[in-house]
Structures are given as C-alpha cells and as structure tokens.
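Q: I've got a new model open on my screen and I'd like to learn how to read it. Can we go through it feature by feature?

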Amino acid sequence: MCQLLGMNCNTPTDVTFSFAGFAQRGGRTDHHGDGWGIAFFEDRGARVFLDPGAAADSPVAALIRSYPIKSRNVISHIRKATVGQVTLENCHPFVRELWGRYWVFAHNGDLKDYAPRLHGHFHPVGDTDSELAFCWLLQELAKAHADVPPVAELTRTLRELLPQIARHGSFNMLLSNGSALWAHASTRLCHVVRQHPFASARLADQDLSVNFAEHTTPADRVAVIATTPLTSDEQWTPFAPGELRVFVDGARQVD
C-alpha cells in the first residue's frame, strides 16, 4: 500500500518538517519505494514534483526537505506499486484542470474490477487504478455542476460519488482545488490540527523535532492529514471507515 500526506492552512506555510519524516517511509523506515510526488498550490498555480525513485534517496526529495515552499494546500504521496508499472506517469499526485483551476489527487489502496466508462475530457495517461478513479471523479463533478460550486456543495456531491469508487476496494484519497482539502478513508487516515498555543513535536520516522511556537503567529492554523501519525507526541484523530473530512483554512469543516 502507498501512503498519503496532506496539509491545509489558513496562511501559506511550508511542509518541510512533516515531509522530512514522511519521505523516510519511502524506502527507509517503510517499503514504499516505487516513486513519490508532491504538489503545492500557489494562488491559481500548482507546483508539482514527481520522481519514480524512492523518496528516502531522491535528490528531488532532498530539495523539498530543505526548500521551504509555502502553500495553503499540499498533497504528497509515496508509492508501493500494486497496479501499474514503476514509471513517472504513474507517480501521484495527479493533476487536471476543471472549471479553470487545477485539481490535485492522490490515492492509497487497491480497486478491484474497476472499469468506469470515461466519455468526457478526462482520460488517464498512466495505467493505475488511481488515475482512472481521478478521471472518473472529475468527469462526474463536471456533469453535476456547470461551474465551480461552493465548498459545501462540492462536499455533498463528493459524498455521493466517493462510495461508488470505494465499493471496489480500499480507497483512501486526498483531493484539493486550492480552496479546500478533501480526505476520504476506507482503511487508514488520521489528522492533527496545530494552532495557538503551539507546542513542540517530534517526528516518528526521524530524530527531528521542532517548536512550532518559534515559527508561527497566534493566528496561524495548520491541519495535517497522513496515513499514520507522523509525530510521536501529538494527538492524531483517526478517520472512521468510509468517512470524508474537508478542511478549509486549517480547520475541519463540520456538516
């Protein structure tokens, strides 16, 4: 299985601390060595880095760990290949345009007997079940809405669409259009919200800690979503099976 990392904030923030631990799972502290990727939203743009090598040894990942790119929405993925070859085109996250803005998607899990009919603008480049699911999801969103709807309306539509994919197997996913971050769990996901008063945290996969109070203001708020907790001394909240959570400005939105 693959692993996921997402970050949603109310002010542009770098993900270097979380990514430093997450990247170790890409071939060092875990076996997810079949490629990795990360996408940062910056205003209307999306800065994307992909590498079919192991994240723990990747020079590109080393750049990300040392280069504090600031973003309000970040999605990262480390891959253990189950469907599709170990190639660049099969690395997550995947990016497509819909309604004049970028959408970014990453998936952890396996979908069995999944062959949705694609008849619109969206078609996979690689041969993963994940990219196929992303294309179908955007196709159905485009059919349901003529233009980009509010976050709450998008969430209602996703609650109808995601179970149609998840019934084919495990479907843990992260999705963002730069305005919000949606996270769905079939098996494993968890999240933590960091806000004032900020404390220190230590990574679970690397001997590294940070005192967030030294790098933030009292108004800052950051939500981090991961397959399993990235730190050993914070209270992470697990998802229930089949649960969809949406985060805006670093806060979990409640229906």
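Predicted model: local features only at pLDDT ≥ 70, side-chain atom pairs only at ≥ 80, totals over all residues.

Q: Where do Glu140 and Lys143 lie?
A: The general idea comes first: side chains of opposite charge can pair when their charged atoms come close. Here, both residues are in helix H3, three residues apart, which is about one turn of the helix.

Q: Is Glu140 buried or exposed? And what about Lys143?
A: Glu140 counts as buried because its relative accessibility is 14%, under the 20% cut-off. Lys143 is exposed, with a relative accessible area of 52%.

Q: How many salt bridges does the structure hold?
A: There are 10 salt bridges. One of them joins Asp14 and Lys70, with the closest N and O atoms 3.8 Å apart. That pair links distant parts of the chain: Asp14 sits in strand S1 (residues 3–14) and Lys70 in strand S4 (residues 70–78), 56 residues apart. Asp14 is partly exposed at 24% relative accessible area, and Lys70 is partly exposed at 46%.

Q: Which residues are linked in a network of salt bridges?
A: Look at Glu243, Arg245 and Arg252, which are linked that way. Within it, the side chains of Arg252 and Glu243 meet at 2.9 Å, N to O. Glu243 counts as buried, at 18% relative accessibility, while Arg252 is partly exposed at 36%.

Q: Now the inside. Which residues have the most contacts inside the largest nonpolar core?
A: In soluble globular proteins, nonpolar side chains tend to be buried together. In this model the largest nonpolar core has 31 residues, and those with the most contacts inside it are Trp103, Leu141, Phe171, Leu175 and Trp182. Two or more residues each come from strands S5 (94–98), S6 (101–108), S7 (172–176) and S14 (243–248), and from helices H3 (129–144) and H4 (151–166). H3 gives the largest share of this core, eight residues.

Q: Say I click on Leu175. What is Leu175 in contact with?
A: Leaving aside neighbours within four places in sequence, Leu175 is in contact with Ile75, Trp103, Val104, Phe105, Phe134, Leu137, Leu158, Ala180, Leu181 and Trp182. Apart from this core lies another, of 24 residues, and among them are Leu5, Met7, Phe40 and Val74.

Q: What is the order of the six strands in the open sheet?
A: The order here is S5-S6-S7-S8-S14-S15, with antiparallel pairing. S5 and S15 are the edge strands, as each pairs on one side only. At the S15 end, S14 and S15 pair in the antiparallel sense over two bridges, and Val248 stands opposite Ala251 in S15.

Q: Which strands does H3 touch? And which does H4 lie across?
A: H3 packs on the sheet and touches S5, S6 and S7, its direction making about 15 degrees with that of S5. H4 lies across S6, S7, strand S8 (181–185) and S14, and runs at about 150 degrees to S14.

Q: Let's turn to the backbone. Which residues does a cis peptide bond join?
A: As background, most residues other than glycine have a negative phi, and most peptide bonds are trans. In this structure a cis peptide bond joins His92 and Pro93, with omega about 0 degrees, and Pro93 is in the loop between S4 and S5. Another cis peptide bond joins His196 and Pro197, again with omega about 0 degrees. Pro197 lies in the loop between strand S9 (190–195) and strand S10 (200–202).

Q: And what is phi at Asp113 and at Asp249?
A: Asp113 has a phi near 50 degrees, a positive value in a residue other than glycine. Asp113 is in the loop between S6 and H3 and is exposed, at 75% relative accessible area. Phi of Asp249 is near 55 degrees, also positive. Asp249 is found in the loop between S14 and strand S15 (251–252), and is partly exposed at 29%.

Notes. Residues numbered from 1 in each chain as written. Heavy atoms only, no water. Core = buried A, V, L, I, M, F, W, Y, C linked by side-chain atoms within 4.5 Å. Buried < 20%, exposed > 50% of the residue type's maximum accessible area, 1.4 Å probe, protein only. Helix = DSSP H or I, 4+ residues; strand = E, 2+ residues; numbered from the N terminus. Contact = heavy atoms within 4.5 Å. Salt bridge = Lys/Arg side-chain N within 4 Å of Asp/Glu carboxyl O. Pairing = 2+ DSSP bridges. Axes fitted to C-alpha atoms, helices over the stretch in contact; angles between N-to-C directions.
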